[in-house]
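Hi,

Here is the structure I promised to send over.

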Amino acid sequence: MNVTEFRDAVRAWLDENDLRPGPDHSFDAQVEQLGRVRRALYDAGWMRYGWPEAVGGLGGDAMLRAVLGEEVATRDLAEPGIYSMIEVLAPTMISYARPELAAEMVPKLLRGEEQWCQGFSEPGSGSDLASLSTRAVQRGDEWVVNGQKVWTSLAQFSSRCVLLTRTAPGHGGITAFFVDMDTPGITVRPLRTMHGVDEFAEVYFDDVVVPADRMLGNPGDGWKLAMDLLPHERSTCFWHRIAYLFTRLDRLVQETDSASDDELGAAYLALHTVRSRSYETQQRLASGAPLGPETSVDKVLLATAEQQLFDTARDLLPGVIELSDGEWRTEFLYSRAATIYGGTAEIQRNIIARRLLGLGTE
Ligand SMILES: Cc1cc2nc3c(=O)[nH]c(=O)nc-3n(C[C@H](O)[C@H](O)[C@H](O)COP(=O)(O)OP(=O)(O)OC[C@H]3O[C@@H](n4cnc5c(N)ncnc54)[C@H](O)[C@@H]3O)c2cc1C
């Protein structure tokens with residue numbers, strides 16, 4: 001099926017199958033809705049396109065996943081940030097887990113039977129991820145994990161975690177595991193964001209026993225896994241997010257009734273720019289090319305466009321951010337995180353300067 005046929009078929013199916021969320025906008029309800037949407041799309045086959053047959057997919061290239069997420073976001077069926085986590089964690093499992101483990105686990109994620117989380121950041125290791133100190137020590141056929149993660153999105157809803165640990169000094173001493181979140185010794189403490197939801201959590205590991213066959217790759221492959229994973233946070237996820245941002249631009253135009261406003265025009269231009277850039281990234285991903293540091297350009301453009309859009313809402317809808325408790329306020333506040341999650345704006349600019357432009361070290 002080509003992209004146009006796929007899009008038409010998905011649209012027709014979504015027109016006939018009402019997956020719109022109910023009136024409850026709480027975060028718990030959003031996570032439940034995410035599971036409902038994934039399950040329905042998986043059972044109808046749509047969620048399986050663009051994924052390899054070895055993990056329950058129906059084949060086809062990644063552009064099909066981009067299109068499906070775009071339709072989901074455009075219709076406001078699921079919150080795009082949490083919907084897109086699949087685009088980060090499933091490719092990592094496909095590349096690094098034992099084939100039998102990936103074949104068993106990835107369909108559970110695609111079908112919405114489970115949520116998974118990404119345990120990378122620590123209190124002392126965010127931008128400087130390679131300094132992480134959560135330790136894994138081998139004990140026969142097992143590894144014993146001790147340490148703490150922070151800002152772990154959806155940890156309190158998750159059945160599994162892609163976890164980075166330290167097994168030896170340096171970049172080559174980082175090792176990744178796929179950990180069951182119900183293992184004894186794991187404590188999850190939700191953290192409230194400034195837009196008022198418990199989206200992420202602190203996660204504590206106290207003598208957590210992980211079987212050796214849950215290692216992703218080999219001992220010391222964790223840094224490479226992280227470098228492969230992070231560009232996925234800036235590819236298909238962004239295509240979905242941009243679709244969602246365009247819906248908010250349309251809403252803003254309707255609510256202000258001033259489509260010719262200069263600020264709206266600039267917000268449109270910023271969104272169109274990141275969409276054009278992201279289109280090229282989608283094409284490269286679909287062609288099977290590896291993604292790398294060039295996706296940092298996508299991240300800078302996305303964060304800039306998102307914040308510019310909600311700044312425009314603040315300027316054109318006086319008081320709607322500061323004085324009301326509605327969706328504009330929530331989304332404005334969340335847009336501030338765009339220059340932090342998935343690597344901060346400063347770190348992205350460092351990567352662009354050093355690795356793309358060859359401007360030397362910091
Ligand atoms: C909404 C959200 C969801 C998240 N979800 C997850 C998740 O699921 N899993 C996960 O592991 N993490 C997650 N994170 C964490 C995120 O990856 C980190 O917050 C981010 O990498 C920055 O790390 P830090 O918070 O420790 O800040 P720091 O690294 O302490 O940075 C603080 C400030 O210093 C600047 N800075 C640091 N180093 C440099 C440098 N070398 N040059 C210039 N400036 C520098 C930074 O840009 C920043 O402004 C999430 C964060 C957010 C906001």
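Let's start with a hairpin: strand 2 and strand 3 form it with two residues between them, and G140 in the turn has a positive phi of about 65°. Before going on, please keep in mind that this is a predicted model, where local features need pLDDT of at least 70, side-chain atom pairs count only at pLDDT 80 or more, and totals for chains, interfaces and linings use all residues. Residues are numbered from 1 along each chain as its sequence is written, and side-chain values use heavy atoms, with hydrogens and water left out.

Helices (H or I, at least four residues) and strands (E, at least two) are DSSP runs, numbered from the N terminus. Two strands pair if DSSP finds at least two bridges between them. Strand 2 (residues 135-139) runs antiparallel to strand 3 (residues 142-153), and five bridges join them. On its other pairing, strand 3 meets strand 7 (residues 200-211) in the antiparallel sense over nine bridges. W143 turns up in both: Q138 stands opposite W143, and W143 stands opposite V210 in strand 7.

W151, which is in strand 3, has a positive phi of about 60° although it is not a glycine. L154 is another non-glycine with a positive phi, about 65°, and L154 sits in the loop between strand 3 and strand 4 (160-166). L154 is also buried, with a relative accessible area of 0%; buried means under 20% relative accessible area, exposed over 50%, and partly exposed in between (1.4 Å probe, protein chains only).

**Aromatic rings and charges over them**

What does a search of the whole structure find in the way of aromatic pairs? It finds eleven of them. W143 and F177 form a tilted pair, 5.7 Å centre to centre with 55° between the planes. This pair links distant parts of the chain, with W143 in strand 3 and F177 in strand 5 (residues 174-180), 34 residues apart. Both W143 and F177 are buried. For the cut-offs: rings of Phe, Tyr and Trp (its six-membered ring) pair if their centres lie within 6.5 Å, and planes under 30 degrees apart count as stacked, over 60 as edge-to-face and the rest as tilted. Elsewhere, F6, W46 and Y49 form one aromatic cluster.

There are also charges over rings (NZ of Lys or CZ of Arg within 6 Å of the ring centre and within 35 degrees of the ring normal). R65 lies over the face of W51, at 3.7 Å from the ring centre, and the charged end of R336 sits over the ring of F332, 4.1 Å from its centre.

**The cores**

A nonpolar core here is a set of buried Ala, Val, Leu, Ile, Met, Phe, Trp, Tyr and Cys residues joined through side-chain atoms within 4.5 Å. The largest has 79 residues, and those with the most contacts inside it are L41, M93, L164, L216 and L225. Helix 8 (residues 236-256) gives the most to this core, with nine residues. Apart from it lies another core, of 17 residues, and W143, V179, F205 and V210 are among them.

Contact means heavy atoms within 4.5 Å. Not counting residues up to four places away in sequence, L216 touches M93, Y96, A97, V162, A176, F177, F178, D221 and L225. T236, in helix 8, counts as buried at 1% relative accessibility. Leaving aside neighbours within four places in sequence, T236 is in contact with R65, A66, E87, Q282 and L285.

**Salt bridges**

How many salt bridges does the structure hold? There are 30, each being a side-chain nitrogen of Lys or Arg within 4 Å of a carboxyl oxygen of Asp or Glu. In one of them, the side chains of K224 and D228 meet at 3.1 Å, N to O. Being four residues apart in helix 7, K224 and D228 are separated by about one helical turn. K224 is partly exposed at 48% relative accessibility, and D228 is partly exposed at 31%.

D18 and R20 meet in another, at 3.0 Å, N to O; D18 is partly exposed, with a relative accessible area of 49%, while R20 is exposed, with 57%. There is also a network of salt bridges that links R7, R11, D15, E70, E71, R75 and R275.

Cheers
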